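Colleague: I have a model open and would like to talk through it with you. Could we go piece by piece?

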Amino acid sequence: MAQYERYIRPKVAFFDFTSCEGCQLTVLDSLQTSPELLDMIEIVEFREAMSERSNEYQIAFVEGSCTRPADEERLKTIRSTASLVIALGACAHLGGINAIKNLRPLPEVRADVYGDKADWYDTYAARPISAVIDIDGFIPGCPIDRDEFIRVVKMLLQGRQPIIPDHPLCIECKLKENVCLYLRGKICLGPIVRAGCGAICPTYGDGCEGCRGLITNPNLDSMKMVLEEHGLSFEEVEQKLSMFMAYQTAGIKSEAEGATS
Amino acid sequence: MSYKIMPKSALNDWVQHLRQKFTIVAPKPKHGQFVFGEVTDASEFALDYPSTVLPPKKYLVPTQEELLSYSLDGSHFEMRTEPVPTVVLGVHTCDLHGIKLLDRIFSQGYTDTHYKTRRNSLYLVSYECFEPCTEHSFCRSMGTLSATDTFDLHIINLGEDFAFEIGTQKGESLLEGFQSIFNVTEVDIERINTVHQEKWQRFPYRLDFDVTELAELLTNSYTSTYWDELGDICLGCGMCTQVCPTCYCFDIHDEVDLTLDGGHRVRTWDSCQIRMFATVAGGHNFRAEQAARQRHRFMRKGKYQEDAYGLVGCTGCGRCAQACLVDITPVKTFNELYKRRNNIAEKETEAK
């Protein structure tokens with residue numbers, strides 16, 4: 001710290017929208033393993049961990065997806081207050097599992113969840129926060145990877161654009177020398193999903209479900225063919241691709257439809 | 001060429017003997033396949049194994065390697081190379097050829113200190129293959145079915161005994177001081193010759209042409225539409241390059257400490273199959289399509305590496321073929337290009 005004596009800790013706030021708050025729990029966890037982070041930042045709002053609130057902050061981490069009209073106003077306030085807004089986790093980054101509901105008619109979904117009180121709630125299609133406000137970066141995953149969180153904070157403090165891998169999980173999985181799950185009779189979305197989690201699911205024998213979202217330019221047609229060759233029906237393939245990526249794949253579909261019409 | 005004989009029953013004693021001075025790595029079972037990993041007992045590994053997920057190149061170019069550490073004020077700068085003397089047991093001959101190529105790549109022109117230091121502390125004990133290791137291997141076509149001069153010791157399985165071919169003084173030193181090593185007899189030499197002669201018929205040629213024609217074939221196929229066909233089905237997952245014994249591309253990045261006092265420079269494996277590989281400043285990508293990336297990969301394996309280093313870049317190990325989920329394989333690709341070129345040549349002849 002010696003040469004950075006004049007360093008002023010940036011004020012950091014955490015906010016949550018529709019989510020399980022598991023990513024904020026992971027942040028809390030990472031503060032325990034990397035307490036030196038608190039020498040470098042000043043946390044001014046973090047409902048998961050403290051009572052204080054603040055209207056003054058430079059970096060906002062936002063967990064959760066936008067699922068109500070009221071969320072939009074709050075997101076815009078955060079955007080206008082913070083210099084940097086970072087989407088924290090799959091819900092904020094991709095819409096997350098909340099976006100599964102987008103696949104069905106909204107009244108049906110609301111009736112399923114809220115029964116005869118459905119009219120009381122103004123919930124609408126779930127979207128990533130980037131659909132409402134500009135963001136400066138994102139930390140993918142469900143939940144986020146604690147090491148990646150630390151790395152991103154470091155890069156922000158150094159004034160760098162956070163580097164998030166944009167290559168497929170298979171790259172990372174092979175570095176771990178995992179036997180490909182397809183060779184073990186299982187299926188996995190690794191070839192089209194963003195790496196960076198350390199291939200944690202395949203390492204423990206479970207196929208990737210895509211919580212970190214699609215890589216740029218995924219070969220979805222080829223992936224679907226592989227999944228079908230390995231025994232999945234058309235419906236199962238669609239379900240597989242929409243657990244975490246319903247919003248993303250819907251976007252790709254409408255793009256493709258737009259291109260053909 | 002000098003040989004020594006060791007009864008198979010002495011294998012574990014030899015492993016224990018080596019462990020006094022070395023870390024031992026060998027093929028260990030993992031989920032129905034094998035991976036090179038540290039062993040402490042002969043019961044933990046198999047010398048007759050099909051293939052490994054990653055080739056032994058990981059001991060020369062680790063998947064992630066700290067190259068140096070530094071302080072941000074410039075007062076401290078330290079290169080990190082402290083490899084542990086390691087014996088790799090059971091290297092297949094294809095992988096020996098792979099390491100021979102890596103040796104040239106990392107020493108020609110600029111010598112890579114980290115590679116060289118690791119290489120010097122690595123003792124390669126290879127193992128003669130008597131059967132094709134997997135349905136995907138095509139070592140005979142690539143000329144890698146025999147040991148090359150890269151090994152320190154080469155093991156030939158003679159049934160009750162192992163014969164050791166001694167390649168270097170490093171290899172010889174692995175047998176020094178071990179009791180159960182015997183001089184070779186004329187009978188042993190005959191047995192060695194017999195197993196060598198008998199093995200060849202078990203390995204089919206899988207390329208439809210001679211490997212010496214490969215580089216020219218690729219040169220003439222540069223504009224083939226086949227690359228677009230590969231590009232359409234390729235997932236771009238990059239497994240092919242990760243498991244390849246001669247792919248060595250890497251990326252280097254700095255990990256600066258949270259306190260901004262210092263940092264580490266880290267080298268990690270990279271892959272020409274991923275979109276960002278050829279993306280440069282300004283976002284321009286000179287291999288933007290997957291077809292161009294696949295073509296680049298096969299040009300490297302069949303031509304570029306040979307042009308630059310005098311050795312074919314593909315060893316025929318079959319790892320990439322086994323890894324590929326959409327069945328893009330060197331054998332299929334090279335044979336298909338050969339067939340198409342011949343078709344074109346025939347049509348040209350007919351036209352005349």
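Modeller: Gladly, and please keep in mind that this is a predicted model. One place to begin is N217(A), which sits in the loop of chain A that runs between α8 (200-203) and α9.

Colleague: What is the phi of N217(A) like, positive or negative?

Modeller: The phi of N217(A) is positive, at about 55 degrees, although this residue is not a glycine.

Colleague: And the peptide bond from C142(A) to P143(A), is that cis or trans?

Modeller: That bond, leading from C142(A) into P143(A), is cis, and its omega is near -5 degrees.

Colleague: Zooming out, which domains does chain A have?

Modeller: The domain assignment gives chain A a domain 1 covering 11-157 and a domain 2 covering 169-260. Taken over C-alpha atoms, the centres of domain 1 and domain 2 of chain A are separated by 24 Å.

Colleague: How many residues of those two domains of chain A are in contact, and what area is buried?

Modeller: In chain A, 19 residues of domain 1 are in contact with 13 residues of domain 2. The area buried between domain 1 and domain 2 of chain A is about 1,200 Å², and carbon and sulfur atoms give 63% of that.

Colleague: Now chain B. How is chain B divided?

Modeller: Chain B is divided into domain 1, which is made of 2-65 + 81-202, and domain 2, which covers 211-351. Their centres, again taken over C-alpha atoms, are 28 Å apart in chain B.

Colleague: What area do domain 1 and domain 2 of chain B bury between them?

Modeller: Domain 1 and domain 2 of chain B bury about 2,900 Å² between them, with 62% of it on carbon and sulfur atoms. On the side of domain 1 of chain B, L101(B), F138(B) and M142(B) lose the most area to domain 2, together 22% of what that side buries. By contacts, 36 residues of domain 1 of chain B touch 33 residues of domain 2.

Colleague: One last pair: how do α8 and α10 of chain B cross?

Modeller: The axes of helix α8 (residues 226-233) and helix α10 (residues 290-309) of chain B come within 7 Å and cross at roughly 115 degrees, and α8(B) and α10(B) are therefore roughly perpendicular to each other. The crossing of α8(B) past α10(B) is right-handed, and by class their contact has four nonpolar, three polar and two charged residues.

Conventions. Residues are numbered from 1 along each chain as its sequence is written. Chains are lettered from A and ligands numbered from 1 in the order in which they are written. This is a predicted model: local features need pLDDT of at least 70, side-chain atom pairs count only at pLDDT 80 or more; totals for chains, interfaces and linings use all residues. Side-chain values use heavy atoms; hydrogens and water are left out. Domain bounds come from an automatic or database domain assignment. Contact means heavy atoms within 4.5 Å. Buried area is the accessible area (1.4 Å probe) that two parts lose on being put together, summed over both. Helices (H or I, at least four residues) and strands (E, at least two) are DSSP runs, numbered from the N terminus. Axes are lines fitted to C-alpha atoms, for helices over the stretch in contact, and angles run from 0 to 180 degrees between N-to-C directions. Angles under 35 degrees count as roughly parallel, over 145 as roughly antiparallel, 65 to 115 as roughly perpendicular and the rest as oblique. A crossing is left-handed if the near helix is turned anticlockwise from the far one by less than a right angle, and right-handed if clockwise. Ala, Val, Leu, Ile, Met, Phe, Trp, Tyr, Cys and Pro count as nonpolar, Asp, Glu, Lys and Arg as charged, and the others, Gly among them, as polar.
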